[in-house]
Amino acid sequence: MRVMAQMAMVMNLDKCIGCHTCSVTCKQAWTNRAGTEYVWFNNVETRPGLGYPRTYEDQDEWQGGWIRKPNGRLALKAGGRVKKLLSIFSNPKLPSIDDYYEPWTYDYETLTGSPQTDTFPVARPKSLISGKNMNVEWSANWDDDLGGSQEHAARDVMLKGIEDKVKLEFEQTFMFYLPRICEHCLNPSCAASCPSGAIYKREEDGIVLVDQDRCRGWRMCVSGCPYKKVYFNHKTGKAEKCTFCYPRVEVGIPTVCSETCVGRLRYIGLVLYDADKVLEAASIEDEHALYDAQRACFLDPHDPAVQRAAEQAGIPGDWIEAAKKSPVWALINTYEVALPLHPEYRTMPMVWYIPPLSPVVDVVRDTGEDAEDRGNLFAAIDTLRIPVEYLANLFTAGDPVPVDRVLKKLAAMRSYMRDINLGRDPDESIPAAVGMTGEQMYEMFRLLAIAKYAERYVIPAAHAEQAHALEELATDCPVSDYGGGQQDLFGEGSGYPTPVAVENFRMLQDRQTSDSIAAPDDKGSRVNLLNWDGKGTPDGLFPPREGGGRA
Amino acid sequence: MNVLLWVIVPYLCLAVFVVGHVWRYRYDKFGWTTRSSQLYEDRLLRLGSPLFHFGMLGVVGGHVIGLLVPRSWTEAVGIGDHLYHYVAVVGGLVAGAMALVGMAILIYRRRTVGPVFSATTRMDKVMYAFLAAAIVLGMWNTIAGSIFSLGGEYNYREGVSVWYRSFLAFQPDADLMADAPVGFQLHALVAFGLFALWPFTRLVHVFSAPVGYLTRPYIVYRSRDERALGSAAPRRGWDEVPR
């Protein structure tokens, strides 16, 4: 047994209202730089829908993740090491910018600099890649709220096999939101695909990171990741990915996406797992068994034998305590309501989801029946095969049984808690019907519905004795030392390494006060309002005053 | 003049090449990348890039054999001049043509595809000029010298190669180069210019060829403690107090 700790996340999809606050705050924190305009470490997809980048789940096309070879061994779907090296000069499976979208800004100067006219001046969209005028045809959430779904959604890969049954007419379809970040997999295929060995999994907390100094821009990680959550920064020529906000997590505060989540649907906590079992679990033959196989890798932090082994593995005592209180462990293993996203990719993802009951509830309510009655809900789960099968395609490699079980638990919680909230005697047969006690059900309700901050986020800080080296405290690299100096000698971003927080601060400042769209100086003067925080007046924000001088 | 061209300049370029790489690696690991533009354009790159790179691998291999293996060695294993010549010309033409066609496609792409062109630095353009000149001159030498024998017979294995080995052994014999045809002289000079530029261009990615990938374990684990990530050590956290 080789005990390792993994920082993991669970998202409760029933509570997601699709407001994209997580995406926006993440973008402001991490990817508001030139070269990362199209990069969304966090994005929210409407399902059924195409996802971002479009149809990324079609692994016959993109060849991401792992496959099990006939001899039972695990192999990268895109081919082994030799094949990877031979195709290194032109990655055959790299999504092009059109599969994401061409990022743009608007030519605001025609508005601010327009003379008085009879007609309104128009700010045309300008590509942030070529700087030329462009037509906006797609973006990160173009099919938000099923927009244009009659045309697009039929191409949703997850509808395969049930396409004839699913109605995409607005009145008859179902829909929910799926927020996605990097899965910080136990068996990351991006790391395995990286020729330079620049992508690594941190031993302490399992966060998967790209070493920017070792990355050489071979782009194999982008194709290797089946979730397409590694992006290529086209300005620096390096791969970038979700960092699980490690500078925040190290000091015990949740990721930006979780902290700012309006629906309070994200849970962060530790999971202890047996690293020796991971490969075996990932190579299990039956895809439907992958969900259980992955859970079998997790170790019960309440088990004294596990605690001893964890201590021997050098996991600090307070981390083991945190693992015991971990909401992620509770949702995955105690209540068994969280499911992994696409276990069939065999990467052992560590951001799990509680599937939404709302498609079922909506249908029952629309028929005029009591949508909080256990009998009605259970019957609806049994009859409404389409949402269930769709969810199963997402979360259990197509096996509807675990999805059924989870939805019934959520339905039971709904009707059990209604009785309590209305002051009626709780009906103990309801939790019993899904194999739980009333007390357990109440605890689950507390965690899912009340969702106190301290219960959602149980994040042990990295250790004080390492604090001098931690990014956010940064006692050995003062902020005032950075910025300025020799930059851009060999292209944007070259030069001394800068702590992440400082780097973001400087870059944001630069962009807010710069008057070019995508950093290059020779692109003419233009203000990027997207990156202007309202403070100060960048050059070009107002037309020059008569007689010279800034407005 | 001979000493300047065939002793001083080559050693100067070699020194810049070596010191430049050490300096760049220490100073600018973050900028050490292929600067791929595949995200912008895929169709032309898919054709041009493998053609160019595999062609260049062949070209480099041919140069290693041609420059470093003395004539006496190949004769000792029974490879006569004629056979050697035949293999070298055919191999050189194939590899050179691949590199040349690939490069033409890539330069065309760089010039015509808007985003790729705007991502091109001044250093890239200078480097392209030297690289293209070196390849064209090399092809010219192969075609004009070895096939049509313009300007008389010249066996570079008796001239340029010997000079090159003497150069590497730090006992340069400038006269050998001075006697070589002008095509070879130009090719060598342009190549040395390219070597001097090398550390300051994207060509540094050649030295990152990820052969280690073949043997390393798939998943890399690293401890958070490893702070030696940066190319420069973090600077001290205090300012000197003027006394």
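**Chat about a two-chain predicted model**

Me: In chain B, what share of contacts between residues at least 6 apart in sequence join residues at least 24 apart?
Reply: That share is 85% in chain B. Two residues are in contact if their C-beta atoms, placed from the backbone, lie within 7 Å.

Me: What kind of model is this, and how are things numbered?
Reply: This is a predicted model, in which local features need pLDDT of at least 70, side-chain atom pairs count only at pLDDT 80 or more, and totals for chains, interfaces and linings use all residues. Residues are numbered from 1 along each chain as its sequence is written, while chains are lettered from A and ligands numbered from 1 in the order in which they are written.

Me: Staying with chain B, how many helices and strands does it have?
Reply: Chain B has nine helices and one strand. From the N terminus, its elements run α-α-α-α-α-α-α-α-α-β. Helices (H or I, at least four residues) and strands (E, at least two) are DSSP runs, numbered from the N terminus.

Me: What box do its C-alpha atoms fill, and what percentage of chain B is buried?
Reply: Along the principal axes, the box is roughly 70 × 55 × 40 Å. Of the 243 residues in chain B, 30% are buried. Buried here means that 20 or more other C-beta atoms lie within 10 Å of the residue's own; exposed means 12 or fewer, and partly exposed is in between, with C-beta atoms placed from the backbone.

Me: Which residues of chain B does UniProt list under "transmembrane region"?
Reply: The unreviewed UniProt entry lists residues 6-23, 44-66, 86-108, 128-148 and 182-200 of chain B. UniProt positions are given in the numbering used here, feature names are shortened, and annotations may be inferred rather than shown by experiment.

Me: How much helix is in residues 44-66 of chain B?
Reply: That span is 100% helix and 0% strand, and its end C-alpha atoms lie 32 Å apart. Residues 128-148 of chain B are 95% helix and 0% strand, with end C-alpha atoms 28 Å apart.

Me: Switching to chain A. Which domains is it divided into?
Reply: Chain A has domain 1 (3-101 + 139-321) and domain 2 (356-436); the bounds come from an automatic or database domain assignment. The centres of domain 1 and domain 2 of chain A, taken over C-alpha atoms, are 28 Å apart. Their contact takes 13 residues from domain 1 and 14 residues from domain 2 of chain A.

Me: Which residues touch the most other members of the largest nonpolar core?
Reply: A:V10, A:L272, A:V328 and A:L331 do, in a core of 147 residues. Such a core is a set of buried Ala, Val, Leu, Ile, Met, Phe, Trp, Tyr and Cys residues joined through C-beta atoms within 7 Å. Domain 1 and domain 2 of chain A both give residues to this core, so it lies between them. Another core, apart from this one, has 33 residues, including B:I135, B:L137, B:Y156 and B:V160.

Me: What is A:L272 in contact with?
Reply: Leaving aside neighbours within four places in sequence, A:L272 is in contact with A:V3, A:A5, A:F298, A:L299, A:P301, A:V306, A:A310 and A:A323.

Me: Now the strands. What order does the open sheet of three strands have?
Reply: The order is β9(A)-β8(A)-β1(B), with mixed pairing. Two strands pair if DSSP finds at least two bridges between them. β9 (208-210) of chain A and β1 (221-222) of chain B stand at the edges with a single partner strand each, so one side of each is left without a neighbour in the sheet. Strand β8 (residues 199-202) of chain A runs antiparallel to β9(A), joined by three bridges. A:Y200 has A:L209 in β9(A) as its bridge partner.

Me: And β2(A), which residues are on each side?
Reply: A:N43, A:E45 and A:R47 are on one side and A:V44 and A:T46 on the other, and all are buried. Five bridges join β2(A) to the antiparallel strand β7 (residues 176-180) of chain A, where A:L178 stands opposite A:E45.

Me: What joins A:R47 and A:P48?
Reply: A cis peptide bond, with omega about -5°. A:P48 lies in the loop between β2 and α2 (59-62) of chain A. A:P53 lies in the loop between β2 and α2 as well, and the peptide bond from A:Y52 to A:P53 is cis, with omega near -10°.

Me: Last one: is A:D145 buried or exposed?
Reply: A:D145 counts as exposed, because it has 12 C-beta neighbours inside 10 Å. Its phi is near 50°, a positive value in a residue other than glycine.
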